[in-house]
Amino acid sequence: MELFVDPGHTRYAVFFFMEEDRTLAIGKLGTYHFLKGRYIYIGSAKKNILARVNRHLKVDTVFRWHFDYLRPYGTITEVKSFDDKVGECELAECLKLRYLATYPMKKFGSSDCRCYSHLLFLRRGCVVLIVKERGISMELQVFRCLKHRMVFSEKERMYHLNLEKGYEGELKFDELTKNVGDNCLIVNDITLEVTNNLFQIDSLLICKDMICMFEVKNFEDNFFIQSHKWYLLSSRKEVNNPILQLDRSETLLRKYLHTHRFSVPIESKVVFVHPTFTLYQAPIDLPAIFPTQLQQLQSTIESKRGVLTTQHTKLAKQLCDDHVTSTPFLRVPSYSYESLRKGIKCRGCGEFFVEWGESILHCQYCGNSEFIVNAFVRTVEAYRLLFPTKKITTKEIYIWCEIIPSLKVTRSLLNNYFQSVGNGRSKYYK
Ligand SMILES: [Zn+2]
Ligand SMILES: [Zn+2]
């Protein structure tokens, strides 16, 4: 879960995920069927937004807000706050547009206004939709958590840098495809398994008569091709030929489509997004899109548009269902709890906060300040990611965060932002 709550703000959006379809009674509004998937609930708190957010985070038995009726049946993935420059209703409207969402239920959270609803549903498999959004890979998340907590070897440092660069390139590519217009389904960052072969696709666009598969590369510098091999110009060192990777993925995707009885042609391309990338001696028929051709990409995709059918949405849904979330081989440095540096890292520069504060932490290195709640939740989430088998207890988190003044303060933060399980000595948090 990620928290971005500013105590000075008054509006908030709760991102909520339901794993199963449910039929639920929502107070006086009646009974509705909620489909599994992602929801956004928009609310406002004139005073003390933190208390309200805490209230939503906890699963309570007293139902006051409409959201309380939904709360026990899903997980909160993120809470974001907004200032009062936009009204609560405008915020709902704006998020609906941004996420291409629909209203799952009438008058949910909007009893006091004229809005249809303050609950949004991010539908899977409707037209113009990013069916699957890009996440930060597990490997990159682990590297980010470990950075500054341990010393990386040169090899690890380079590997981390490449992961960051790759991710940055993918985001750049997403900016280009985000607005391709109607009638195209986008499935980003998907890992599939076909006959015991795992393969990952950066971006897949399902168009009317074609599937476009993209492998995104954020290469900088000059490269050249010689007898189908790729070399870095400056050092003449051979690099992995991205076309081979593309061919492998395309073959496996074709097999996948065949086993699921979808017959759609695939067009695949390696996309080079960095403006300083140059490739010498590239054959004219190389399945690549170069930095100078990126603007054309948008119009090429738009020309492939056409009305999608249920076949297309079925395929998109199938791909999402088959997405392999846990990849067995994480190439991360080996680490142990004992050897890692403890403390709360600054969001801005990644260095450690030196001093505890009232409600804000100030970074001595980059001057960034951050609300304690956000930094605390992030640090506990890092602990959870790095040590998935360890229990989150007050004592462990007190040691892990290092600068929290007492066990008592740690306990109250945990009580506020995490759900407790058990009692007394065996108490831990989820
Ligand atoms: Zn409203
Ligand atoms: Zn900093």
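Okay, so before anything else: when I say two strands pair, I mean that DSSP finds at least two bridges between them. And keep in mind that this is a predicted model.

Strand 12, residues 222-226, and strand 13, residues 229-232, pair antiparallel, with 4 bridges. If you want a spot to look at, F224 sits opposite Y231 in strand 13. The two strands make a hairpin with 2 residues between them, and S227 in that turn has a positive phi of about 35°.

Strand 13 then pairs with strand 14, residues 238-239, again in the antiparallel sense, over 2 bridges. Here W230 has V239 in strand 14 as its bridge partner. This hairpin has 5 residues between the strands, and the positive phi, near 60°, belongs to R236.

We've got an open sheet of 5 strands, order 1-6-2-5-7, with mixed pairing. Strand 1, that's 2-4, and strand 7 are the edges, each pairing on one side only. On average, neighbouring strands are turned by 20° against each other, ignoring direction. Inside the sheet, strand 2 and strand 5 run antiparallel and are joined by 8 bridges; Y12, for instance, stands opposite G43 in strand 5.

Now, what lies across strand 2 and strand 6? That's helix 1, residues 49-57, and it runs at about 165° to strand 6.

Last stop, helix 9, residues 372-386, and helix 10, residues 394-401. Their axes come within 11 Å and cross at roughly 110°. Anything from 65 to 115 degrees counts as roughly perpendicular, and helix 9 and helix 10 therefore are roughly perpendicular to each other. Helix 9 brings T379, V380 and Y383 to the contact, while helix 10 brings I397, W400 and C401. By type, the contact residues split into 5 nonpolar, 1 polar and no charged.

Methods:
Residues numbered from 1 in each chain as written. Chains lettered and ligands numbered in written order. Predicted model: local features only at pLDDT ≥ 70, side-chain atom pairs only at ≥ 80, totals over all residues. Axes fitted to C-alpha atoms, helices over the stretch in contact; angles between N-to-C directions. Parallel < 35°, antiparallel > 145°, perpendicular 65-115°, else oblique. Contact = placed C-beta atoms within 7 Å. Nonpolar A, V, L, I, M, F, W, Y, C, P; charged D, E, K, R; others polar.
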